[in-house]
Amino acid sequence: MRAVNQPPHRRVSSDVLRGMGNQRLYQKNLKLSAADMYRWKLSSQEPCSMTCSIGVSRSFVSCVRYDGVEVHDMYCDALTRPEPVHDFCIGRECQPRWEASSWSECSRTCGEGFQFRQVRCWKMLSPGLDSSVYSDLCTMADLERPVERRACKSPACGPQWEVAEWTECPAKCGRKAQVSRDVRCSDETRPCDPMTRPPNVKNCTGPPCERHWTVSEWGPCSGSCGQGKMVRHVYCKAPEGRVVPENQCSAENKPLSVHPCGERDCPPHWLSQDWDRCNTTCGRGVKRRIVLCVGITGGKFQIFDDEACGGGEKPEEENTCFERPCFKWYTTPWSECTKTCGVGVRMRDVKCYQGRELVRGCDPLTKPVSKQTCTLQPCPTEPPDESCQDRPSTNCLLALKVNLCSHWYYSKACCHSCRAVRPPAS
């Protein structure tokens, strides 16, 4: 194998010395000057620095005789030796790859939790441009996607407080009231720390007072006086036309939903309005309705005192009601954010209970979230690590020469060399 770019101070072999004598004879016979006899030649390039995308290929310099035969470098004038030429070369298209971020902290500081990380498909589009691309590219290349979630276990937890959702604010529009929630300890055998008990009562304000009652048209009369009645729908609406719960409108001025009808004159009789909604969202509660003593006199609707209808026969104004079983979502407090700066994740346990029993009957549409992002503060820009070392396997001098320090790979592999070309922090 030929030797290229050998240092000029090495020992010259006897074969080379004999060759030099022969060259002088050629030169004398052909009457060639030393400059014509030997010249530098750029030849044979290194492999492309990039196996894909655009890279750099460097040419070798060799000394050749007038007849094209390659000879030892010492025959050529070292002062006229040309610099190697760097040419761009294009490799094949870069293949996509999965890249995963580092694992987050465990979602719980005690007991079993989860760790998360981001997994993205990346592809080098050109030197200095390594971009996140659609995951389909990695999937179509049959690349196995790294897992994004794994279980983690910290020391065993003690008892924890669990809380249910807050009740609906009972206040009328513009008024103040209080809402409550169930707070319970997760362990019946050991007490939770009373100093960390979450509040179970807080103040609330009723809805804006722009809510108003709206009604539909009356339906047809169902029969003769005393038995006949007309029915219509009564809604509580917000200003934008959205129907809201009835307790957000004033009960004192709620329009009648049932009206007597029949003959022109109708004696006083009991007329029951529709039942209000059950006063509980689950389990056993109470429902109420308005019962009026009414009649029609001279074709006009009239309300009488209860005595006019006979107090003993008055229909019930209150009754028990039962909604669905009381399945309730309970949540533990949020964990610490997994990052101290930038965007992280915080977690909490969400469980469904019926009484003290862990069940599956809760409405999935009302399930509280168990994971959400959290941002505490922006991450500071760290100065470059003064002690970092270039990776020995990377040609960092070449990376500097062709301005590859902006590329993510070379900025890491040549962190020491690229430090000099980083712009100063503003």
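This is a predicted model: local features need pLDDT of at least 70, side-chain atom pairs count only at pLDDT 80 or more; totals for chains, interfaces and linings use all residues.

Biologist: What makes Leu398 count as buried or exposed?

Modeller: The relative accessible area of Leu398 is 15%, and buried means under 20%, so Leu398 is called buried.

Biologist: Which residues does Leu398 touch, not counting residues up to four places away in sequence?

Modeller: With those neighbours set aside, Leu398 touches Val56 and His86. Leu398 also lies 10.0 Å from Ser57 in space, C-alpha to C-alpha, although 341 residues separate the two in sequence.

Biologist: How many helices and strands does the chain have, and what share of the residues is buried?

Modeller: The chain has six helices and 28 strands, and buried residues make up 30% of its 426 residues. Of the contacts in the chain with a separation of 6 or more, 60% are between residues 24 or more positions apart.

Biologist: What makes the pair of Tyr330 and Tyr353 stacked or edge-to-face?

Modeller: The ring centres of Tyr330 and Tyr353 are 5.5 Å apart and their planes are at 85 degrees; since planes over 60 degrees apart count as edge-to-face, that is the name this pair receives. Tyr330 belongs to strand β24 (residues 327-331) and Tyr353 to strand β26 (residues 350-354), so the pair ties together parts that are 23 residues apart in sequence. Tyr330 is buried at 7% relative accessibility, as is Tyr353 at 10%.

Biologist: How do you know that the charged end of Arg184 sits over the ring of Tyr353?

Modeller: The charged end of Arg184 is 4.1 Å from the centre of the Tyr353 ring, where the distance limit is 6 Å and the direction must also fall within 35 degrees of the ring normal. In another such case, the charged end of Arg149 sits over the ring of Phe114, 3.6 Å from its centre.

Biologist: Why is the contact between Arg288 and Glu318 called a salt bridge?

Modeller: Side chains of opposite charge can pair when their charged atoms come close. The closest N and O atoms of Arg288 and Glu318 are 3.0 Å apart, and the cut-off is within 4 Å, so the pair qualifies as a salt bridge. Arg288 lies in strand β20 and Glu318 in strand β23, so the pair ties together parts that are 30 residues apart in sequence. Arg288, at 41% relative accessibility, is partly exposed, and Glu318, at 46%, is partly exposed as well.

Biologist: How many salt bridges does the structure hold?

Modeller: The structure holds 13 salt bridges. Among them is the one between Glu99 and Arg97, at 2.9 Å from N to O, with Glu99 partly exposed at 28% relative accessibility and Arg97 partly exposed at 22%. Another joins Arg190 to Asp187 at 3.3 Å, and Arg190 has a relative accessible area of 42%, which makes it partly exposed.

Biologist: Finally, what makes β14 and β17 edge strands?

Modeller: The open sheet has three strands in the order β14-β16-β17, with antiparallel pairing, and its edge strands β14 (212-215) and β17 (243-244) each pair on one side only. Strand β14 pairs with strand β16 (residues 234-237) over four bridges, where at least two are needed for two strands to pair. Thr214 stands opposite Tyr235 in β16.

Technical notes
Residues are numbered from 1 along each chain as its sequence is written. Side-chain values use heavy atoms; hydrogens and water are left out. Helices (H or I, at least four residues) and strands (E, at least two) are DSSP runs, numbered from the N terminus. A salt bridge is a side-chain nitrogen of Lys or Arg within 4 Å of a carboxyl oxygen of Asp or Glu. Buried means under 20% relative accessible area, exposed over 50%, partly exposed in between (1.4 Å probe, protein chains only). Rings of Phe, Tyr and Trp (its six-membered ring) pair if their centres lie within 6.5 Å; planes under 30 degrees apart count as stacked, over 60 as edge-to-face and the rest as tilted. Contact means heavy atoms within 4.5 Å.
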